[in-house]
Amino acid sequence: MKETWKKRLKEHLPDRVVYLYLLTRQLPGFTAACIRDRNREAPKLRFYDDQETVDMLISQRKSLSRFGDGEIRWMFGVDLPSFQSYSPELAEELTRVFQSRDENLLIGIPRGVVDCRECNLYAKMHWRTIRGEFYSRILLLADRERIYCNASITRPYIDYHDRQASARRFANLRRLWQGRDIVIVEGERSKLGVGNDLFSNAASLRRILCPATNAYEKIDAIEEAIRTHVRKDTLLLAALGPTATVLAARMCAGGYQMVDIGHIDVEYIWFLRGDLLRKPIAGKHVLESGAVDCPGQYAEDEQYQSSILCRVL
C-alpha cells in the first residue's frame, strides 16, 4: 500500500517541525471559526468531570456512548475519509443515541468544544474549529438539563501539555476495569492492550474481533455475538469508532454494561513513549498516524490469540 503524505512527513522531519507545520494547516479553519463566532454568545453545556464519570461507571454500572469529532460529523451528514463510510442509517442512529433518555446511558461530548484551557495549542485550535462548525447544531439536539460526560476521557494524553495530569487521567480510567472480567469489542487490527500493561489489573480479558473498516454494516451480527458469548456481569469495552457509540446504547438497553473506550490503547502507548505526534505503533492500525498497514506482528502471540472469543468479520 502506498504510504500517505502524513506518514512520510512524520518519518523524515523532526517532530517539532512537523508539529509546527500541522499548526499552520489548522490556521484557516481556526481563523474562520473565530471570525464566525466573534459576536455570538452560545450557552454552555454542563459536564461531569472525569472522576465523576468513572465513579458512576463503577458504582452504578452505567454505559457510555461517546461523540467525538468524527461522530459529530457523521451525525450531521459529513462523509469522512476514514474507516467508516457515511450512511443515512448511521447518521439517524447516532442522532437517536445522542438524544437517548436511557438513565443508564451516559453521553459524551468533547469538553474541548466548550472549554479547552487544559489542551495544548494544536488541540485548542482543533476544538475551536469544531465549535465554530458544529456547536450551534449540537445545541439544537442537546438537552440543556442533562449533564454530559467528556467524550475525550479516552484521550488522556495527546491533546494535553501536562504529562503528570495525563498519568492521573490514565490511573482514573484504569479503576474502571480493576478486578473485572472484561471483553473488548474491537476492530481486528486494533489489538487493545497487546504489548502493554493497560489492562493488567483486570481479572480476565477476552476479545471479539470485528471488521477494521465499515463495522457498522455488521452491527447486528456483532450485537448477536455479544449476546451469545458474553455474560451480563462482564464489562464490555468497545473500540469501533461510531459503531461503538451506537453499540454501547444498544447493549445498555439490553441490560449489559458497555463503555465506548475509543483510542485509549494508542493514547497509552504514545504516553509511555512520550510522543509529541500521533505516531505509528508496530503491529497496530493507527489511522491518525497515516500508517494504515498492519503487519501480523502478533500472529504467533499465544496470549493474544487465546484471548479471542470469536470473530465477526
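Begin by selecting arginine 155 and glutamate 267, whose side chains form a salt bridge in this predicted model, with 3.0 Å from N to O. The pair joins distant parts of the chain, since arginine 155 sits in the loop between strand E4 (147–150) and H7 while glutamate 267 belongs to helix H10 (residues 264–273), 112 residues apart. If you display the surface, note that arginine 155 and glutamate 267 are both buried.

Next, select aspartate 55 together with arginine 175, where a salt bridge is again found between the side chains, at 3.0 Å from N to O. Aspartate 55 is part of helix H3 (residues 50–59), whereas arginine 175 is in the loop between helix H7 (163–174) and strand E5 (181–187), so this contact ties together parts that lie 120 residues apart in sequence. Aspartate 55 is partly exposed, its relative accessible area being 30%, and arginine 175 is likewise partly exposed, at 32%.

Then move to arginine 231 and aspartate 233, whose side chains meet in a salt bridge of 2.9 Å, N to O. Here arginine 231 counts as exposed, with 59% relative accessibility, while aspartate 233 is partly exposed, with a relative accessible area of 42%.

For the next selection, take Glu93, Asp220, Glu223, Arg227 and Arg250 as one group, because salt bridges, defined by a side-chain nitrogen of Lys or Arg within 4 Å of a carboxyl oxygen of Asp or Glu, link these residues in a network.

How many salt bridges does a search of the whole structure find? The search finds 18.

Conventions
Residues numbered from 1 in each chain as written. Predicted model: local features only at pLDDT ≥ 70, side-chain atom pairs only at ≥ 80, totals over all residues. Heavy atoms only, no water. Helix = DSSP H or I, 4+ residues; strand = E, 2+ residues; numbered from the N terminus. Buried < 20%, exposed > 50% of the residue type's maximum accessible area, 1.4 Å probe, protein only.
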